[in-house]
Amino acid sequence: MVTAGNCPGYLGQRALEHLQGWLRGEADGARRFILGDDNTLEHCLPELLAHVPALAEAEIIQVRHGESSKDIEVCRALWGHLAELAADRHTVMVNLGGGVVTDLGGFVAATYKRGIRFVNVPTSLMGMVDAAIGGKTAIDLNGVKNLVGVFAEPEATYIHAPFLRTLGKREVLNGVAEMLKHGLVRDAGHWNAMCAAPLHDLAALAPLIERSACIKASVVAEDPRERGPRKLLNFGHTVGHAVEAFALESPGRSLLHGEAVAVGMVC
């Protein structure tokens, strides 16, 4: 287990068992919603439900995959859907997806009825080592990435590495960019291990994923609201966000977040 601020993170084979235990314990009796995109609901939801039977009766909410879902109109639709289904303050939102889903779901949960509980179950490498850890939630506005958001910690983050089997090579390398960043800003040994690792081998990446998650969590624990040391984690992001936003507006030239951050780090 790792801790970022007040938020625990569970890694390894028993991560989803911890989620099942929390739902049957502290969150017993609460309404449950699972937010995912069209990809994660198809490829990852069956495995989640197999490990977490407490979610068998959860309401499923689907958004389109990709950055375009981090939009105020999507938030409006999600808030409206929760209201129509009479979600109350005891409701739990389970964010099943990569950085887009955890950013969006965290923001919607943090603002609905002044805040309902949510947990993150990242399904992408980017989510497991970075986006789902640290309590940053946000949506995009007027072409500016993450312009509107709040700091809101999930109840916990549950990192189940087998979800990575659903990813293609490009999506894996997207997360590797953030892992390399962690090494560059905080841990030379991690950087060297990443440079030597066979990046196509998920088994070889597993301990490095855990190390990256621990680096991110330790920085967040020192500075939850990004007033000092946490700014290190923005390395590559100023230029990267600009390049990413430009690419989104250029048909046929879209970049994944990690690819844009890699460009930013080189710059």
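User: Which lysine side chain meets that of glutamate 67 in a salt bridge?

Analyst: This is a predicted model: local features need pLDDT of at least 70, side-chain atom pairs count only at pLDDT 80 or more, and totals for chains, interfaces and linings use all residues. Residues are numbered from 1 along each chain as its sequence is written, and side-chain values use heavy atoms, with hydrogens and water left out. A salt bridge places a side-chain nitrogen of Lys or Arg within 4 Å of a carboxyl oxygen of Asp or Glu. At 3.6 Å, N to O, glutamate 67 meets lysine 70.

User: Is lysine 70 buried or exposed?

Analyst: Buried means under 20% relative accessible area, exposed over 50%, and partly exposed in between (1.4 Å probe, protein chains only). Glutamate 67 has 16% and is buried. Lysine 70 has a relative accessible area of 3%, so it counts as buried.

User: How many residues apart in sequence are lysine 70 and aspartate 103?

Analyst: Their side chains form a salt bridge at 2.7 Å, N to O, and both residues are buried. Helices (H or I, at least four residues) and strands (E, at least two) are DSSP runs, numbered from the N terminus. Lysine 70 sits in the loop between strand 4 (59–63) and helix 4, and aspartate 103 in helix 5, so the bridge ties together parts separated in sequence by 33 residues.

User: Which residues are joined with Lys70 and Asp103 into one network of salt bridges?

Analyst: The structure holds 15 salt bridges. Some share partners, and the network containing Lys70 and Asp103 also takes in Glu67, Asp140, Lys145 and Glu244.

User: Which helices hold lysine 181 and aspartate 130?

Analyst: These two residues form a salt bridge with their closest N and O atoms 3.4 Å apart. Lysine 181 is buried at 1% relative accessible area, and aspartate 130 is buried at 10%. The pair lies 51 residues apart, with lysine 181 in helix 7 (residues 169–186) and aspartate 130 in helix 6 (residues 125–131).

User: Why is the pair of tyrosine 10 and tyrosine 158 called stacked, and what is the angle between the planes?

Analyst: Rings of Phe, Tyr and Trp (its six-membered ring) pair if their centres lie within 6.5 Å; planes under 30 degrees apart are stacked, over 60 edge-to-face, and the rest tilted. The search of the whole structure finds 2 aromatic pairs. In this one the ring centres are 5.3 Å apart, and the pair is stacked because its planes meet at 10°.

User: Which strands does that tyrosine pair tie together?

Analyst: Both tyrosine 10 and tyrosine 158 are buried. They are 148 residues apart in sequence, and the parts they tie together are strand 2 (residues 7–11) and strand 9 (residues 157–159).

User: Is tryptophan 79 buried or partly exposed?

Analyst: Tryptophan 79 forms a tilted pair with phenylalanine 107, 6.2 Å centre to centre with 50° between the planes. Tryptophan 79 lies in helix 4 (residues 72–84) and phenylalanine 107 in helix 5 (residues 99–111), so the pair links parts 28 residues apart in sequence. Phenylalanine 107 is buried at 6%, whereas tryptophan 79, at 24%, is partly exposed.

User: Which residues does leucine 48 touch?

Analyst: A nonpolar core is a set of buried Ala, Val, Leu, Ile, Met, Phe, Trp, Tyr and Cys residues joined through side-chain atoms within 4.5 Å. The largest has 41 residues, and Leu48 is among those with the most contacts inside it. Taking contact as heavy atoms within 4.5 Å, and not counting residues up to four places away in sequence, leucine 48 touches Leu16, Leu19, Ile34, Leu55, Leu96, Val121 and Phe163.
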